[in-house]
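Visitor: I am new to reading protein models. Could you walk me through one, feature by feature?

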Amino acid sequence: MGAALDPRLKLQILTSAYNKVFPITSEEKVDIVKMNLFLLFDEYKAKSAMSLKSSTLTPHELLTESPLEDDLNDDLFELENSLKSGPDNSKSILETYLNETRLEMKTFADMEVLSFWKENHHRYGELASMASDLLSIPITTVASESAFSVGGRVLNPYRNRLLPKNVQALLCTRNWLRGFAEFQGNIEDNFDI
């Protein structure tokens with residue numbers, strides 16, 4: 001989903017990648033990602049609607065509120081968003097974003113995607129919030145890096161001809177000695193006979 005929220009990639013990168021890997025079912029896979037993107041966006045819209053209802057002004061705030069403090073640009077963006085999402089227009093902000101032409105990768109090669117969404121928050125509203133939340137999730141590779149680093153210590157230049165069964169036995173022994181959780185299931189199912 002993160003690739004779809006990059007304005008330089010959108011769904012075109014997913015379509016291209018799935019066509020290379022799964023040419024027969026690529027359209028179905030892109031549709032699944034798109035459907036999940038719309039479901040998540042609907043949840044963000046519902047959350048936003050709930051927060052708007054809970055953020056009603058008190059009578060004192062209404063009396064002390066100054067219309068001069070509001071930014072003209074904010075009002076124009078709010079007006080534009082209300083016109084886009086009116087009853088006559090059936091397209092959501094997400095559909096509008098996905099149908100817009102994507103930005104050229106060559107021109108915007110050094111663009112920071114989170115900055116794009118922050119700068120365009122008034123234009124995209126809940127979609128910008130969703131994109132910021134999704135794209136700010138840190139990617140972790142600790143488990144896979146750990147597995148490969150252990151494998152590098154077992155298979156070193158002096159022990160590079162070990163059979164896969166022996167490597168697996170060495171890794172299991174190492175885990176047992178270090179007190180890892182007990183394996184659930186039948187160990188024989190994991191060995192090639």
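**Reading the model step by step**

Guide: Start with the secondary structure. The protein chain has 10 helices and zero strands. Keep in mind that this is a predicted model.

Visitor: What pattern does the protein chain follow along the sequence?

Guide: Read in order, the pattern is α-α-α-α-α-α-α-α-α-α.

Visitor: What share of the residues in the protein chain is buried?

Guide: Of the 193 residues, 20% are buried. The accessible surface is about 14,800 Å². Carbon and sulfur atoms own 58% of that surface.

Visitor: What share of the contacts with a separation of 6 or more joins residues 24 or more positions apart?

Guide: That share is 61% in the protein chain.

Visitor: Which residues have the most contacts inside the largest nonpolar core?

Guide: They are Trp117, Tyr124 and Leu127, in a core of 22 residues. The elements giving two or more residues to this core are α1 (10-21), α2 (26-54), α5 (93-99), α6 (113-119) and α8 (126-135). Of these, α2 gives the most, with five residues.

Visitor: Let me follow one of those residues. Is Tyr124 buried or exposed?

Guide: Tyr124 has a relative accessible area of 3%. Buried means under 20%, so Tyr124 is buried.

Visitor: Which residues is Tyr124 in contact with, leaving aside neighbours within four places in sequence?

Guide: Tyr124 touches Ile93, Tyr97, Glu100, Phe116 and Trp117.

Visitor: Several of those have rings. How is a pair of aromatic rings described?

Guide: Two values do it: the distance of the centres and the angle of the planes. In this structure the count comes to six aromatic pairs. Take Phe116 and Tyr124, whose ring centres are 6.4 Å apart.

Visitor: Why is the pair of Phe116 and Tyr124 called tilted?

Guide: Look at the planes. They stand at 45°. Stacked needs under 30 degrees and edge-to-face needs over 60, so this pair is tilted. Phe116 is buried too, at 13% relative accessibility.

Visitor: Which residues do ring pairs link into a cluster?

Guide: The cluster holds Tyr97, Phe116, Trp117 and Tyr124.

Visitor: Where does the charged end of Lys10 sit?

Guide: It sits over the ring of Tyr97, a residue of that cluster. The distance to the ring centre is 4.4 Å. Look next at Lys29. Its charged end sits over the ring of Phe22, 4.7 Å from the centre.

Note on methods:
Residues are numbered from 1 along each chain as its sequence is written. This is a predicted model: local features need pLDDT of at least 70, side-chain atom pairs count only at pLDDT 80 or more; totals for chains, interfaces and linings use all residues. Side-chain values use heavy atoms; hydrogens and water are left out. Helices (H or I, at least four residues) and strands (E, at least two) are DSSP runs, numbered from the N terminus. Buried means under 20% relative accessible area, exposed over 50%, partly exposed in between (1.4 Å probe, protein chains only). Contact means heavy atoms within 4.5 Å. Accessible areas come from the Shrake-Rupley method with a 1.4 Å probe; for residues, only the protein chains shown count as cover. Rings of Phe, Tyr and Trp (its six-membered ring) pair if their centres lie within 6.5 Å; planes under 30 degrees apart count as stacked, over 60 as edge-to-face and the rest as tilted. A charge sits over a ring if NZ of Lys or CZ of Arg is within 6 Å of the ring centre and within 35 degrees of the ring normal. A nonpolar core is a set of buried Ala, Val, Leu, Ile, Met, Phe, Trp, Tyr and Cys residues joined through side-chain atoms within 4.5 Å.
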